[in-house]
Amino acid sequence: DMDGFEVAKIIRLDPVFAQTPIIFLTAEAKDQEEVFLGYDSGAVDFLIKPLSPQVLKAKVRVFADLFRQKKALDKSKLIEELYDQLKDSNDQLKQYTFIASHDMREPLRRIHSLVDLLKMEKAINDNKDLTEICDDLTRCSTEGLMLVDDFRELTQIVNASCELSQVDLAEMMKKVVSERKEEIEKRGIRIKIGEHPRLKCSPALVKELAKCLFDNALVHTDGKAVEIRLSAELIANDWVMSVFNSGSTIESSKKDAIFRPFIRLATYQKWEHLGSGLAKAKKIVERHHGRIWVEVTEDGVCFKYTLNGKKYD
């Protein structure tokens, strides 16, 4: 005993179908009042018989597209809300990292102070065992401080601004090498700097990247007068930079592990560093959407990396 208007109103009362578009089919449109009544009861359109299947499909397609657009907009808003939540959590994590690293440094500083007192006592009593204890405490506290500093640097690299500008990599490599001039001359290390491109990248981060890789080459020379080569090559429309060191080698099983934080290829006694340089280098390359890898030959070890993916000048 119900007409279409009543059915439409009942459908609109159901939360599941409240937003479902309703198209009215009618034999004839008697008057404007009936048309208005149809729209008032929830109709989105009227079709008058005889019905054209093509017209009906076109109408349904329009409402289906509108529905999909609304769903996409809702999803976009949800992503935006989740992004804001993630950004807020990340800001809190950065604050926690800063506080935690600061608090970790304080007890280590106190250990240093206590060691100084022990050394003064040792100077008076000339106790050999006390000397060894002081040396061990000094080494451990120093390594702890370095660990905290490296951890902070890693987090700073991840969260640092990555504003890009044109950088002359050749000039940058020369500056990095000049900062280690005294050590290079003292150890008789031969340095060769090849041609490098101008790339759009972050000057501060890429300089830190170059320092990490160059220092890594210096550390793993075992005191020998070796050769370090800094070069770049255009391969398949992509610039590949490399740092070659003729004085070291890496086991195949460790080629991937060396880019993880605080992984060392040698013991503390042999190499006095914490192994975070390559991890920092990898993070910087990733910030530039590039990749970094290592190749081992009979002559030595070569670290290669790209910046900005296919974006080069």
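Before selecting anything, one convention: two strands pair here if DSSP finds at least two bridges between them. Helices (H or I, at least four residues) and strands (E, at least two) are DSSP runs, numbered from the N terminus. You're looking at a predicted model, so to speak: local features need pLDDT of at least 70 and side-chain atom pairs count only at pLDDT 80 or more, while totals for chains, interfaces and linings use all residues. Residues are numbered from 1 along each chain as its sequence is written, and side-chain values use heavy atoms, with hydrogens and water left out.

**Stop 1: the sheet**

Start with the open sheet, where 5 strands run in the order E4-E6-E7-E9-E8 with mixed pairing. Strand E4 (190-193) and E8 sit at the edges with a single partner strand each, so one side of each has no neighbour in the sheet. On average, neighbouring strands are turned by 20° against each other, direction ignored. (Axes are lines fitted to C-alpha atoms, for helices over the stretch in contact, and angles run from 0 to 180 degrees between N-to-C directions.)

Now zoom in on E8 and E9, which pair in the antiparallel sense over 5 bridges. Pick valine 296 and look across: its bridge partner in E9 is valine 301. Then bring up H5, which packs on the sheet and touches E4, E6, E7 and E9; contact means heavy atoms within 4.5 Å. The direction of H5 makes about 165° with that of E4.

**Stop 2: the cores**

A nonpolar core is a set of buried Ala, Val, Leu, Ile, Met, Phe, Trp, Tyr and Cys residues joined through side-chain atoms within 4.5 Å. Buried is under 20% relative accessible area, exposed is over 50%, and partly exposed is in between (1.4 Å probe, protein chains only).

The largest nonpolar core has 39 residues; select Leu209, Leu213, Phe214, Ile228, Phe303 and Tyr305 to see those with the most contacts inside it. Elements giving two or more residues to this core include helix H5 (169-178), helix H7 (203-219), strand E6 (227-235) and helix H8 (277-287). Which element gives the largest share of this core? That's H7, with 9 residues.

Center on isoleucine 228 next.

**Stop 3: the salt bridges**

The structure holds 13 salt bridges, each a side-chain nitrogen of Lys or Arg within 4 Å of a carboxyl oxygen of Asp or Glu.

- Select lysine 59 and aspartate 45: their closest N and O atoms are 2.6 Å apart. The pair links distant parts of the chain, with lysine 59 in helix H3 (residues 53-125) and aspartate 45 in strand E2 (residues 43-48). Lysine 59 is partly exposed at 27% relative accessibility, whereas aspartate 45 is buried at 13%.
- Next, take lysine 282 and glutamate 286, whose closest N and O atoms are 2.4 Å apart. Both lie in helix H8, 4 residues apart, about one turn of the helix.
- Finish at arginine 229 and glutamate 227, with closest N and O atoms 2.6 Å apart.
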